[in-house]
Amino acid sequence: MTDLFQRELSVVNIGLSSFKESFDRNGIKSIQVDFRPGLAVSGKSKDNSKTLEAQVNVANEEAMKRILAARPMLIGMGRALDLIPGMKKNLLLHAGPPVTWERMCGPMKGGVIGALLYEGLAKDDAQAEKLAASGEIEYSPCHEHSAVGPMAGIISPSMPVFVVKNETFGNVAYCTQNEGLGKVLRYGAYGEDVVKRLKWMETVLFPVLHAAIQKLGRIDLKTLIAQALHMGDEVHNRNRAATSLFYRALAPAIVETTQDRQIAVDVLNFINSNDHFFLNLSMAAAKCALQAAEGISHSSIVITMSRNGTEFGVQLAGTGSKWFTGPAPVPDALYFKGYTKDDANPDIGDSAITETAGLGGFAIAASPAIVQFVGGRAEDALNYTLQMYEITAAENNVYQIPSLDFRGTPTGIDVRKVVDKNILPFIDTGVAHKKPGIGQVGAGVLSAPPEPFIRAFEGLFS
Amino acid sequence: MIAKATVKKGEYHDSVALMRVAKLLSEQAGVLDSAVVMATDENKRLLRGAGLSTPDVNAAGESDLVVAVAAASAELADGFLLQAIEALKSRHRELKIGNVARSLDGALKTLPDANLALISIAGRYASAEARKALENGLHVMLFSDNVSIEQELELKQFASSRGLLLMGPDCGTAIINGVPLAFANNVNRGNIGVVAASGTGAQEVTTLISNAGAGISQAIGTGGRDVKKEIGGISFLQALDYLINDPKTEVLLLVSKPPHEAVLKNILEKVKDCKKPVIGTFLGANPELFKGSGMVATATLEEGAYKAVESALGKPVSRTSGNPRFHEVIEIEAAKLRSSQKYLRGLYTGGTFVSETLFLLQGMKGDQHTVIDFGDDEFTIGRPHPMIDFTLRNKRILEEAEKPEVAVLLLDLVLGWGAHMDPLPELLPVLLEAKRKAQAAGRYLPIVMSVTGTDQDPQNRTKVVTALRGAGVIVAPSNASAARFARGVLELSGKDSV
């Protein structure tokens, strides 16, 4: 005997939304499904995904267990050349999947030129450009060296880096110090001011921060980020709370360990005047957590989303170091005065690692102050976060959304769900000018492009 | 070019909000240049450089907001300034969070106790979604068409193996636990259970039953192909079982085109064992087929509905055809026809009505009577169903009204959920125009309609019927009555044989 007649009807309406009116008017519980067909993947990969379903589920469970168990701690600093695996004098690390000098976008070329000037390997722009193209300089993705960099993401051998260690599993991730907004290297600017600032960061900021961190022993980044989410950050496009918390943790130690009072003042003012100082650390914390799931055979969890300004790249826990790429789109953005979408470079930076770890655009519901980027209403931000639960494997155990009754943020993108539901990861981002040397022109949001996810799915289930 | 600026003292907006409004402003046609910024020294300098500064702006401090616009005239600039200030005001709207999901499993997270999925997406995606719903333990109403018969069979076998009901594909109508699904009406609840392989058929019988004072326990749709040989009536037989075992169902009414022989045999076997009265309307079937089954077979939907009502209420229902007034009006209408008016035009939105009407017109003389189903694929490609979009039928109504040989227009109008929510403003002017056209040519054109619906429907049947009658339309209580009336007019005018 059927139970259909015994219980009040409760309906999932997939398709014509007008059919839902009858349920609303008749007081029947129902939910609308705004259906769209899945992404087009090969029939063979689809069949294989079905065959392997149980195996993949088990692998993903393990991947999520590890990602959620991660405890990223800031434990120290050092020089890129001394710390970053594989770093050498003629190597520059960059954001996103691998890219040659010829195919680099404007802002990344600008970053490379700036880094060569900063390293003293070239005297002027022209010389730097020539050297960059000469074959003497090698390029490699930050992600292939346990590092992450925002926007152009250039890390050169002399740059100081933070060391973030996952205390649960022992893996380590690196990131540079954030330069601030405006004309900065990561947005492709390479003027005299830019290089001067980088030098100051190396010779003044670094030693002060290094000493302060040593004094403190370690800073628990996961807890700090969790608190920042309660204070209105999503730690990608808004880092005001996290930077404040970081500043609060660091300031007494800086005062205590710095002999020269003016230097302490300069360092504190530098951090205080840059709302995004924490961004690089939120990225390293995210990277550190996701590294723990690297190499789990069969897992369809995305552990890297990253852009080099030309291409958008994805890596899966279950496909080793292989990159799956597609063209990087231009973000929908709000532009600074004097700039338009025509000036914008396609999406760039390793910072989508925050979304990959359940932060940034995935946690935008926690950050009402920046909902202007997504249409201006708190409701829009909530709906974006809610949509990301559709494509994730878990809810975060530590990062929470206050306005969703402290529900854990959607964490761990399952490429199967992205393909099946045709819902693409939602990413917060800054926008660089497409020409080298100009810098940031706006900030906004975008949906990841479909191609890398289609290729990743087909790669995993080939 | 005229530059205008407004300074809002001490008004704070975060920079992103300012950028949003600035974007809005710069996109307006006629805005030559604009700025929405806090009056910091740096910004004031920029404004001066752009020629957007005014003495007010120069005097403003860094906690003041400046909105500046350059346009062709002062009036234009003032207008843009007002728009920008309006856009900066708070934009609270009612929060509607999480009421739309993007997938079935997303929906089930919000509504974990869901027990039915209503699926109306394009056919090539529909069967995969139906399968997922069944796998999640949901009953399914599959409204979508263009699902292959192989997929239908697979889905139905899977559903029945899980004790679940799959209504469809191409199932337009069902009423479960009193809730109208897709194209269905608000009807009285009661003790008559309906199994229907035809959507319009189900709407006609459930509304006739409700309007006659009885009610519906459940109306289960199966999709038209269910009773074919390939599917074997899986859903039909399953629904029959459900209703036989349902204590709230005391009378059963079965509606379908004639099933495949083997399927009918299985249906009748169940009927034979059933202790409850069973009425069957198998449109166009030979009544001999049902002999000995214990089923009361009727030739029309109307008769099926009324037989079920009589069985449910235990008292007779009066038929329109037994009403002397019915015949009087036929005489009145017939007398108005001219000798050129010989043929009937049935213009339908419900396919089942076409079958019923064709059956009732059998044996009529004359070879140019026409009955058209506007719900047929050839009319619906690239446009909504004719129950929602009247365009094509309206056009045809006006064309037919101009033809001297047309004697009667026979139309249906289906109300309820899924149908046009406000049909009169689109239909009435066309009907009046049709009558005017005929009149201008010296003819009288009778329009006979049935209105399928109830007063509980969002359109309210009485309201619609009253308005139609006010326009001179003859409204019959059912399609069968309307068809008989039309035939009566033609036959009485004696001109169908000329």
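**Notes on the predicted model**

1. Ala196(B) stands opposite Val255(B) in β12(B). The two residues belong to a parallel pairing of strand β10 (residues 189–196) of chain B with β12(B), made over five bridges. Please read these notes with the origin of the coordinates in mind: this is a predicted model.

2. On its other pairing, β12(B) is joined by five bridges to strand β13 (residues 278–282) of chain B, and these two strands run parallel.

3. Is strand β12 of chain B enclosed or open to the outside? Six of the six residues of this strand (residues 251–256) are buried, so β12(B) is largely enclosed by the rest of the structure. In a regular strand, side chains alternate between the two faces of the sheet. In β12(B), Val251(B), Leu253(B) and Val255(B) point one way, while Leu252(B), Leu254(B) and Ser256(B) point the other way. The residues on both sides are all buried.

4. Chain B also has an open sheet of five strands, in the order β16-β15-β17-β18-β19, with parallel pairing. Its edges are β16 (370–373) and β19 (474–476), each with a single partner strand, so one side of each has no neighbour in the sheet. On average, and ignoring direction, neighbouring strands of this sheet are turned by 20° against each other. Within the sheet, strand β17 (residues 406–414) of chain B pairs in the parallel sense with strand β18 (residues 447–452) of chain B over six bridges. A residue pair to look up there is Leu409(B), which stands opposite Ile447(B) in β18(B).

5. At what angle do helix α9 (residues 234–245) and helix α10 (residues 261–273) of chain B cross? Their axes cross at roughly 5° and come within 10 Å. The cut-off for roughly parallel is an angle under 35 degrees; α9(B) and α10(B) are therefore roughly parallel to each other. Phe236(B), Leu237(B) and Leu240(B) of α9(B) make the contact with Asn266(B), Ile267(B) and Lys270(B) of α10(B). By type, the residues of this contact are four nonpolar, one polar and one charged.

6. A helix pair in chain A is arranged at another angle. Helix α5 (residues 106–118) and helix α7 (residues 192–216) of chain A pack at about 55°, with their axes 10 Å apart. That angle makes α5(A) oblique to α7(A). The crossing in which α5(A) passes α7(A) is right-handed. Gly114(A), Leu117(A) and Tyr118(A) in α5(A) meet Val194(A), Val195(A), Leu198(A) and Lys199(A) in α7(A). Five of the residues in this contact are nonpolar, one is polar and one is charged.

7. Chain A has an open sheet of four strands, in the order β11-β10-β9-β13, and here the pairing is antiparallel. The edge strands are β11 (324–327) and β13 (348–349) of chain A, each of which pairs on one side only. Strand β10 (residues 311–316) of chain A and β11(A) are joined in the antiparallel sense over four bridges. Glu311(A) stands opposite Pro327(A) in β11(A).

8. Glu355(A) deserves a separate entry. It is found in helix α12 (residues 353–356) of chain A. Is Glu355(A) buried or exposed? Glu355(A) is buried, with 28 other C-beta atoms within 10 Å, where the cut-off for a buried residue is 20 or more. Leaving aside residues up to four places away in sequence, Glu355(A) touches Met305(A), Gly360(A), Gly361(A), Phe362(A), Pro425(A) and Ile427(A). Glu355(A) and Thr304(A) are 51 residues apart in sequence, and their C-alpha atoms are 9.4 Å apart in space.

9. Last, the two chains together. How many residues of chain A are in contact with chain B? There are 45, and they contact 52 residues of chain B. On the chain A side, β1 (10–14), α1 (18–25), β2 (29–33) and α13 (378–388) each supply at least two residues. That side divides into 23 nonpolar, twelve polar and ten charged residues. Strand pairing also links the chains: β2(A) and strand β4 (residues 100–101) of chain B pair in the parallel sense over two bridges. The bridge partner of Val33(A) in β4(B) is Ala101(B).

Technical notes: Residues are numbered from 1 along each chain as its sequence is written. Chains are lettered from A and ligands numbered from 1 in the order in which they are written. This is a predicted model: local features need pLDDT of at least 70, side-chain atom pairs count only at pLDDT 80 or more; totals for chains, interfaces and linings use all residues. Axes are lines fitted to C-alpha atoms, for helices over the stretch in contact, and angles run from 0 to 180 degrees between N-to-C directions. Angles under 35 degrees count as roughly parallel, over 145 as roughly antiparallel, 65 to 115 as roughly perpendicular and the rest as oblique. A crossing is left-handed if the near helix is turned anticlockwise from the far one by less than a right angle, and right-handed if clockwise. Two residues are in contact if their C-beta atoms, placed from the backbone, lie within 7 Å. Ala, Val, Leu, Ile, Met, Phe, Trp, Tyr, Cys and Pro count as nonpolar, Asp, Glu, Lys and Arg as charged, and the others, Gly among them, as polar. A residue is buried if 20 or more other C-beta atoms lie within 10 Å of its own, exposed if 12 or fewer, and partly exposed in between; C-beta atoms are placed from the backbone. Two strands pair if DSSP finds at least two bridges between them.
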